[in-house]
Amino acid sequence: MFASIVSGMALGAVYALVAVGYNLTWLTGKAINFAQAGFAVAGMFLAVWCYGQGLSPVAVFAILVAAGGLVATVEYVVALRPLRGRGEHAELITTLGFSTIIQGVILLFVSDDALRVPFFGPEQLIDVPGGRIAPVELVLVAVAVVVGLGAHLWATRTRSGLAALAQSEDRDAALVLGIRPERISFVVFVVSGVLGSVMAPLAGPKTFAAVALVSLLAIKGFVVLALGGVGSLLGALVGGLAIGVVEAVVVRLTDAAFQNIAVFGIFIVTLLVRPRGLFGERKERYV
Amino acid sequence: MKSSRILRRAVLPAVAAVVLSALTACGGVGASSDDSGPYRILDVGPQTGFSGANGKALDAGLRAAVDDLNRGGGLNGRQVEVVTKDDQTDPTKAVTLLREELSGRDQPDLVVTGVSSNESLAMAPLLTREKIIGMSNISSPKLDDREQFPYFFSTAIQQRDLMAAAARFLGTQGGPKRVALVVQDDALRQAVEPVFTEQMAVAGHTTSVHPFAPDSLDIAPAFEAAKAAGADWIYVDAVGAAVPRVFEGRLKAGAETIPAIGGSGIGTTAFTDNSTPAQRAGFHPALYPLTAYIAPEKRSPELTTLFERVGGNSGPLPMPISIYAYGWDTVRIWAAGVRQAGSADAEAVTKALENLRVSKQEGGWLMWSRLYGPNTHFPQPGPDDVIFKQVTGRQDTMFVTAG
Amino acid sequence: MNAVRRSPVLLPVMWLAVTLVVLAAPYAGLLDESWTHQLILVALLALIVSGLNISFGHAGELSFASAAMYGAGAYVSGYLAMEVLNDFALALVVSAVVGLLLGLLTGVPGLRLGGWMLAVASFFLVLLVPDVVQIFSEQTGGNQGMSGIPLPELFGFELGDTGLYVVTVLVTSAWFALFRNLVVSRLGRSLTVLRESPVLASSLGISVFGLKLKAYALSGLPAAMAGTIFAYLNGFNAPGSFGIELTMAVLTASILGGSRSVYGVFLGAAVMQLGPMRTTAFGDYALIAYGVLLVIVGVLIPGGIVGLVRRRRRTAQPATTAAGQAEATARLTMPGRRLEVSGVSKDFGGVRALTGAGFVAGPGEVVALIGPNGSGKTTLLNLISGFYRVDAGTVRLDGVTVSGRPAAAVARAGVRRTFQTPLIPGMSVREVVASGRFSLDRAGIVATVLRLPRYRRALRRDRAAADEMLAAAGLSGVAAHRADALPLGTRRVVELARALAGEPAVLLLDEAASGLDEKEVAALAALVRAVRDGGGTVVLVEHDFGLVRSLADRVVVLSQGQVVTEGTPAEIAVHPEVLQHYLGAPGGVEARA
């Protein structure tokens, strides 16, 4: 059972990282990037190609940072900036469109098979009571914890973090204080995209590179968002790991077909019973 | 002013309808089969999208065989032409495209119904009504229904025959076994599980079934369950993205010590590219004709021709040669029927195919030795047509067997 | 939305004519089998898109569940045809009911959330279709598909290809007539109000939950009916047909044609169905093309192609100032009721906004609430109108307690209000004012779409009331103008007129004069006086003490969440505490207007 839990947590770490990306752009720009998971998956395929060319892991990381930053900039300019001040749904459609474009581009180069992504660390499985765990799983969980906690501390303790959050709450006040809202939203958006692409060499060895992951991870990321609470980085971390573990446990206890339905069930129940999630804030309706 | 606004709003759909009608008035109605022009083969299948590579390979094999045929003087003195339509593996699109072709002036004499049973099941009823031969390399027993689909023939064996071969193979491994089935829980499971239970029982083995969700990212639990059920052998089948995850899960669960058989789904993927030797320990994929490596000097003239025509000699092929071979076989088999019947009429060709007087070598097809009879429109594997052997890698898209 | 009256005769006649032309085309030899097949597919897509338009375009809630409801209709119909009874009409009716129920079910999460989470939940649901189909594989054929659906029969007659075409055209034509009647109706305008702001809807007495549920249920109906036709058309159901690809096509078609348009639905559906089918060049690039289309359309054309066309056609409207309005004419008879607020307290997570506040306002009275910022005036107003819940105390109307009821119920009990920032949807002035009456004279969905006498009566009364209020407010000159394009002062008056159209027992005004120039304030004040003189109860929150002096009969002073004192304006103007904490100027402030 221990091996299963670790495996589940590793997948949960991937979901958590996606949700952290969602939360970062939400907190600093009130926008959720549906294409966040697309960055990770595209990064996985890029990593496979790079490794195939014989590039070192360091070079691969560098390429992913550059590519992620570039694509995120393009997405911001094309799909987000023109929508400043419009209703909520607008960026849902445009980022969904961008996510679809990413899927289409991937499909130009590969079919619907899954590709093995080499891990830059040790690949030898470790024997533990109850099964075997892969080193990449441990690294994934560790990285998710570091990133989640780090982001949370940045957003709540550092000046730049608080400024970034503040400007999305009250734009005018931020302007008065000399903070430039547009620039902060843009920078954090790009950082979020880079976070997505840079997690590829870590997540890929666990999930394998597959186009179907773009939608799947995007949705699971939303489930984490609901469970952890929109806007809570800690919630993204805890929620993600929790969902991963629940998935692993459900698969072992019930019929295979119920795996996704169980996660869906958690999603709906959370939304109906505790809409603000575990760590979210209660909002009083106001006029 | 009010009425003009209404006129504008309501006239739009009316005008659209009239314009559409006018455009299509040019398209003729009425089907007729030409008696002296070329034979027509219509290939409705995916050329783009998810299974696009599959469909393209099948089409290439089809055209290679047609080229060969035409060069040799044609069929019954007439040339053969191929028309390809892209349905992107969507059964609805397939039917729409088929209807379009059927409403044109030239009726096809043979329709190749895609690469999936969904496409075939969608198109087959229409082909029955229009009395046109349909062929595809699908293995769904639902199409083995000579009442509903009297003019449909498959170029691939059914799961039942594969499973019988597997059960026999296990019988040679020393006594009855406890066999576990690890399969993805979708159409593949529906196709494999019933015949698995049936055929293994016939051969005296005991069985257990352990499905996994098709998009599951961790398949180790299914293997753990198989281990827990005390399996001596595991029969594994999966398609697409699940394949590499199956191998990973097998190793993670510590099930690589249990020898395994791979089903038809795994056998048609390049799984050696996406798995490690440790993960493949003790793994015996089902090897159909042309999936196990045949050295160039041992290849039949037809196989050599096929390789050359589809570009296998100038670079690595994107799909296994067996897929191209299915396309090739479709034409060769159908041509044998047309030759024997003297016409492309569906009833006559069906009769001919059910009582084919030429052998595989004479007819020039590549895969299966035994074909159709009055009771089945699916090929039957010969005793050595399906083997189970460990493989070490690929060459010329075929698996290199170990030892 | 235009307030242009549709000719009651011309539209149905044209509708019928077009339907007949399209029906007759195959018999006249104009359409062959493959074209009728294509047109059926266009009609199916149009049906699904119309459903999406109800929940998305009109109610403003994006849900991707259409594919799931389409699939439900297809599977239910296939099952019925094979296992129970092969009758098209039966399958259609059962599917319609299933679609209604499923629409309700999938919309329930949307009630609490809306926005992103509804979209995501419905997206997830569509991803689960194969899983659900597999679980019920005995009935559905699982992922291998449901095969062997027989050719459709209708009342014992077998429908051939042309027969199915005829039936499809009839069903589509009938549904779209109802759809059009729905969109161009009080219900349709309620949805516009809801889309603008759920708060606004509640303040007009419209139950947000009820309206949303109606929208969700109605959006499922056409999709499921389309599923019936689809199942018979193919003779085969594969779960892959009801997945994300279809959802994307539906969404794209909706946006292309304009998510709020009626006829644009056909345009979008035709383009999506006939376009990608024709150009195989798209093939490998199909997904990229969808994505680019979504991004472009999402950014550039909110109203779709039809919206683009409409925008160009709309003539520029001259901005009229309040000064250009005619003088308020008719007298208003508006019997008010007695409002009693007593001992009300409200806490906001540690911040005490109100402590034991209370006052009374009776019919034929204008009571002003004044006080410095943060004194709790707006909070009190929100509590009275039901947008916040009281922690302690009661609000009573003629002795009946309304505190504790949801905002829509309080509005229906007769409490109407305006907002600090006017909430005006994109409709004409007349329509906005008429929307104040939507919770009176309730006509159900059936009466609405069938235009039964009950609905027509309600519509007539709406018009009459709107005209009366427009005249009283001097807005008759701008009645047909887009209300949200007018200057602030006029919009405030429009809001007031809307509140009055609802026959309020109590009228609450939230800083209605702020940002207005002298002329506009005068117009506003004149209207308020007319209400008071007609017997209405008015409570206003105001900063402009000059206006208060001239308008109010009594003044209630709040400070730091408590009522400090009460009195006539004259008394308050010289009250030492008030002067000290609020007014500042010794000797009071002069009356204004």
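Glu101(B) counts as buried at 15% relative accessibility, where buried means under 20% relative accessible area, exposed over 50%, and partly exposed in between (1.4 Å probe, protein chains only). This is a predicted model, in which local features need pLDDT of at least 70 and side-chain atom pairs count only at pLDDT 80 or more, while totals for chains, interfaces and linings use all residues. Residues are numbered from 1 along each chain as its sequence is written, chains are lettered from A and ligands numbered from 1 in the order in which they are written, and side-chain values use heavy atoms, with hydrogens and water left out.

In one of them, the side chains of Glu101(B) and Lys85(B) meet at 3.6 Å, N to O. Glu101(B) lies in helix α3 (residues 91–102) of chain B and Lys85(B) in strand β2 of chain B, so the pair ties together parts that are 16 residues apart in sequence. Helices (H or I, at least four residues) and strands (E, at least two) are DSSP runs, numbered from the N terminus. Lys85(B) is partly exposed, with a relative accessible area of 24%.

Strand β2 (residues 80–86) of chain B also holds Glu81(B), whose side chain forms a salt bridge with that of Arg40(B) (3.1 Å, N to O). This pair links distant parts of the chain, 41 residues apart, with Arg40(B) in strand β1 (residues 39–45) of chain B. Arg40(B) is buried at 14% relative accessible area, whereas Glu81(B) is partly exposed at 32%.

In chain C, Arg532(C) forms a salt bridge with Asp533(C), the closest N and O atoms being 3.2 Å apart. Arg532(C) is buried at 15% relative accessibility, and Asp533(C) is partly exposed at 46%. Salt bridges that share partners also join Arg186(C), Arg437(C), Asp441(C), Arg461(C) and Asp462(C) into one network.

Helix α1 (residues 2–29) of chain A has 28 residues and reaches 40 Å from its first C-alpha to its last, close to the 40 Å expected at 1.5 Å a residue; the expected span is 1.5 Å times one less than the number of residues. Of the 28 residues of α1(A), 24 are buried, so this helix is largely enclosed by the rest of the structure.

Most residues other than glycine have a negative phi. Just after α1(A), however, Lys30(A) takes a positive phi of about 55°. Phi is also positive, near 50°, in Asp396(B), which sits in the loop between β12 (391–395) and β13 (398–401) of chain B and is partly exposed at 34% relative accessibility. Phe155(C) has a positive phi near 50° as well; its place is the loop between β2 (153–154) and β3 (157–158) of chain C, and Phe155(C) is exposed, with a relative accessible area of 64%.

Technical notes:
A salt bridge is a side-chain nitrogen of Lys or Arg within 4 Å of a carboxyl oxygen of Asp or Glu.
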